[in-house]
Amino acid sequence: MRKMGAAGAAVGSVSIAGCSDQTNPDGGGEGTGTGSKNVESDLPEERKIGEKVHVSNTERYYAARYQANALVDKTFRDELGVPVQTKPVEITVLVSREQEGDFHLVTYNWTASNGDPDGIIYDRFHKNGSLNYYGFNNQRYNELAAGQRRETDEDARQEMVHEAQKILGEQRPENQYLYNVTPYAFNSDAIDPDSIVVNDKGLRNIWNYTQMEPTNENGRVVVTNNWDPSDQLNPLHLNAIGPSRNWTPTRFMHDFLFRPDPDLQMTPWAAKEYEYTDGTTLDVTMKEGMTFHDGESVTADDVVYTFNLIMETEPPAYINNVVQTTESVEKTGELGVRFNLTEAYAPYIALTLGMVPILPEHVWEQRISETGNEEAPWKVPVNDDMPIVGSGPFEYGTWDQASRFRMPAFKEHAFAAPNIDARVQNPLSTRDAEMEAMIQGDYILLDYWFGSPRQLSNTVDEQDHLSMVQNSGQGRQATWVNMERPPFDDVAFRQATNALITGVQPTIIEELYDGFGNEAISPINPTLKFWHNPDTPYFENGVEGAITILNDAGYAWNEDGELHYPEGKTGE
Amino acid sequence: MSGETSSSVAHSEGEPSQGWRRFFENLRNSAREQAHIFAQSRMAVAGLVILIFYVVIALISPYIVPYGPYERIYTDAGGWAKLQPPSLAHPLGTTESAYDVLSQLLLGARIAMFVGLLGAFMVAIIGTTVGLVAGYYGGWVDEIVMRIVDVLYGLPFIPFVIVLVTVLGASVWNIILGISLLYWLSTARVVRSEVLTVRERPYVEAAEAAGASDFRIMAVHILPNVIPLAALYAAIAVGYSIVAQASIAFLGFGDPTIPSWGVMLQRAFVTQSFGTAWWWVFPPGLSITMVVTGAYLVGRGYEEVVNPQLQEK
Amino acid sequence: MVNKRYLARRFLLMVISIFTVATILFFLFRMVPGGPMSAIMSPRMTEAARQRVIENFGLNEPLWKQYLLYMWQLLHLNLGQSFYYGQTVKTLILDRFYNTMALMLTAFLISYTVGIYLGAQLGWIRGTSKERAGMLVVLLVRSTPVFWTGMIVLYVFAFKLNLFPLGGMRGVGAQYSGPVSKFLSVDFLYHLVLPVFTLCTYYTGLPLLLMRNNLLEVLSEDYIDTARAKGLTNRRILFRHAARNAVLPVVTAFAIAIGFAVGGQVLIETVFSWPGLGREMVKASLRSDYPVAQGAFLLLSTIVISMNFFADLAYTYLDPRVRLGGT
């Protein structure tokens, strides 16, 4: 348990879990750190640790996360003498600065797609991972990360994923703030509470929307606050597949061969049965009787058309999971499709078949040629004149851009016809107005809640017609460090950072999230029971733990309390 | 509009030093005259009192604030003292992040007065200079200046400043830059048209005939006539600048490390405290209203100086 | 009386101004950090795919080429296609523009009617303590930041009293047969009340003060004394003679004020969740959706510049003291 790597061996003693620091209610947050710092006089100026930039979202974008960053940085400055400055930027700027490596620390929330750990293990931390902006490159880890995605035996894959988490825990390229617990509210007068299904996507999951039972007239049309239904609805466009908001309408209007069930296990949806004939050949038989919203049947031809379209035109959003993993797709019968993989790829069902919507060939062929987008089908516009035609449980209704999007239920759906009549996205620009809309009965449920959890739960307590459910999601809020820049190139400093953040965690959870969160140690959330490694090492004792680690690694403070690099090392 | 204040002074060109002396004399006379009219308007005096009050607060706030603007307040139990209603220890309660509202409010006066006064100063300087030059030289100089004014009119203020702040970084300085870039236009236009009438006056023509330099004529003979007008626009610009800064901050593009009134309101807004924490919402909003009203009242007093028909009899 | 050559020249200058603004905007938006890719990019996109998207948007060309292409398209009134929405910019911003205008113009018409009336009344009773109290109220209301007023109005009338909707432009169930019925429906008007009321508290100040000041000037002129001598009633003098003459400059100011107000709409749109152009242009600038940001800014700029143009013309036409054709 908690084996330390070479650099971490010396600090093993401070990482005993469960020993919380009773004297400081802040867990080292803002109290006065009394750990005995290794203070030296006459430290050379070039060893002094210079200003470090913590790239953060703005307070307007996400108040609690900005505050958490400010708290961590203040602790760095006040307690460790490291001048870390919070730099709030627009979210687009945050993304581009991260990609360009223009940061020391960067913080946001991230989630594994469809419950599969590959997006975390490989994409983010493998040396060739598309999200590895941190310069993390660990030989053993690279082997594990590449190996787990080829491993088709689940238990063997689990072992590799667990070991990978261990390395991440020791090396600490990522330091988790918390696993968020998100509350959602719904109108329990209008909807039968027993029919509500909450999963990591909250209430905006297809199981919930198809199973909800209205108990009165109001509940037949479910009005919700989905932020901004004004983005791109073209299912081949980036915004319709990425982490952005139109994920939900796209998922609801189309069918997929597989979907993650409420427990995040991939389960056949449009597929009836499937079989790997060998490691790289997957045969899928589709369900019978499915139709598109215009009445045409859903057949193997549509699936083949969709995949061929993607492989030929390479919509940017599908390159990793479809173009690079799929060799060819062929029809084996009216409802039978064979997928030939380029190489064994364990997450194929979760990340490829679970992500690609089934598009109607007869509609898309015509649309693409009419609009002249043969090269770039993701640019085909979607609007009331050219609505989405899919086969999903909800249809495209009417769209008042930026103000309202109405999706009537597709009552003819072969196996998932919703009980409600329609879903309406009607966004309001403030959290106050959203909450008030719940109180007044304008909203039936909240698709998202980005406001204060405490306020929501207080409101629900006061209102008889409202109920709350909460879910711990599958993501984590974390800060990533740039290992190509000192002092984060030093594993000891990263471990000290982790100790500091672990110490601040209780304050973040209790004060900034009103208790709506759990302490976090691994990039993989415990809700992914099968993949999460509860023995992931982490460092604790807050500021004092950090001081001990830094002392042992040769860092020193001058009389003014400013931290300096170990002897022989100079940095920025 | 009228230039009564100095047209009665005899104008003959003498030695440069005399000219400058006359300039200051004119200025002093007109200032005295203006102050007199100004003092008669009770509203203007009231406005001035409000402004001075807030300037004083701004100056002394660092020494009298009970807490740091971002100093965490704890409850006895050790948790954060969030959204505490007013009490003896915290006369205006605390914020969602457990900061003292009164301290933030007092320090916010600094930002407001800084932005207001500096913004107004920039507006007056730029507007007057441009208006003066354009009106005096006329011809192609005027043409170019007026075309620039036209173009800048075409940039909507708040969206433009938001883009500016995104490009250059969120800081009070960049908001002042935005104000300086776009708010001088009206001042310049009005000053220019005033200059057009003043420069037709006989004493200006006399000065020209006597070979006075352009700079001298503008500074000595024309400027004193347009100063009241510039001051009027500056007074109004104090209010405009403060509201502009608060608006930008309210939309979330202010500098969050500085406790301005706009940032305070934005925090109350994003943390959904608008309906509950009146002690946090009303003080900054009312302060903005008071300061801006003060500036308007002063401006109105000045308007009576400039436009005698408005004077109360 | 209006000189054709003068008109043509002014019009040409206006067009040049608009194109200059377009140039400024083109380069300004390209300085916004982040760039268009970060808003629309899938995090798992490979470098090659990234390049293809950049090429597809024409962003791989040298800047001057992009600029020339943009100007050339602009000449043909082609504003391009949004990177983010994939829609043509024209439909996208026109939609938002109507929403903004519906709100703003309603508020303006009410404010100017009320402002002119109250201004005339205040001017008429000048010097009284009633007038001073009235002026103080006007100044106080006009000094209140409009977003703050909006929040309080929203809180009181929508949250506490439940009299009006919480924001947005449409009720949930509302259906429309077409664009006209959309803006004339009861549902829409119901949503319009609070934002219009908030805007009116702010907008009314300017026409009111202008009207009052103009009236004071007019009242000092000879013909008013003549009217008085004729024994006309005060009301008749005020509204038939004085107010009629005082109102012209206020009308001119209307045009300029619209130009100024248009940029500030984003505040009220944020408070009332109004799907207007102001919020859209701020969002587009932040995500570097150049075509939309440029299109939206340019649309507003064109309004401001042309409003100024009309104000100038109106002024020239209405005030015989200004001779046309300049010097």
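Predicted model: local features only at pLDDT ≥ 70, side-chain atom pairs only at ≥ 80, totals over all residues.
Q: How far apart are the end C-alpha atoms of residues 266-563 of chain A, and how much of the span is helix and strand?
A: The end C-alpha atoms of that stretch of chain A lie 49 Å apart, and the span is 30% helix and 20% strand. Helices (H or I, at least four residues) and strands (E, at least two) are DSSP runs, numbered from the N terminus.

Q: OK, new topic. What order do the six strands of the open sheet in chain A come in?
A: The order is S2-S1-S3-S17-S4-S18, with mixed pairing. Two strands pair if DSSP finds at least two bridges between them.

Q: Which strands stand at the edges?
A: Strands S2 (84-89) and S18 (517-518) of chain A do; each has a single partner strand, so one side of each is left without a neighbour in the sheet.

Q: And in what sense do S1 and S2 of chain A pair?
A: Parallel, over six bridges, with S1(A) covering residues 52-57. A:Lys52 stands opposite A:Val84 in S2(A).

Q: Switching to chains B and C: how do H6(B) and H14(C) cross?
A: Helix H6 (residues 157-168) of chain B and helix H14 (residues 277-286) of chain C have axes that come within 10 Å and cross at roughly 20°. Axes are lines fitted to C-alpha atoms, for helices over the stretch in contact, and angles run from 0 to 180 degrees between N-to-C directions. H6(B) and H14(C) are therefore roughly parallel (angles under 35 degrees count as that).

Q: Which residues of H6(B) and H14(C) make the contact?
A: On H6(B), B:Pro159, B:Ile162, B:Val163 and B:Thr166; on H14(C), C:Gly278, C:Met281, C:Val282, C:Ser285 and C:Leu286. Residues are in contact if their C-beta atoms, placed from the backbone, lie within 7 Å.

Q: How many residues of chains C and B are in contact overall?
A: 43 residues of chain C touch 35 residues of chain B. The chain C side has 26 nonpolar, 15 polar and two charged residues. Ala, Val, Leu, Ile, Met, Phe, Trp, Tyr, Cys and Pro count as nonpolar, Asp, Glu, Lys and Arg as charged, and the others, Gly among them, as polar.

Q: And how many for chains A and B?
A: 15 residues of chain A are in contact with 14 of chain B.

How values were computed: Residues numbered from 1 in each chain as written. Chains lettered and ligands numbered in written order. Contact = placed C-beta atoms within 7 Å. Parallel < 35°, antiparallel > 145°, perpendicular 65-115°, else oblique.
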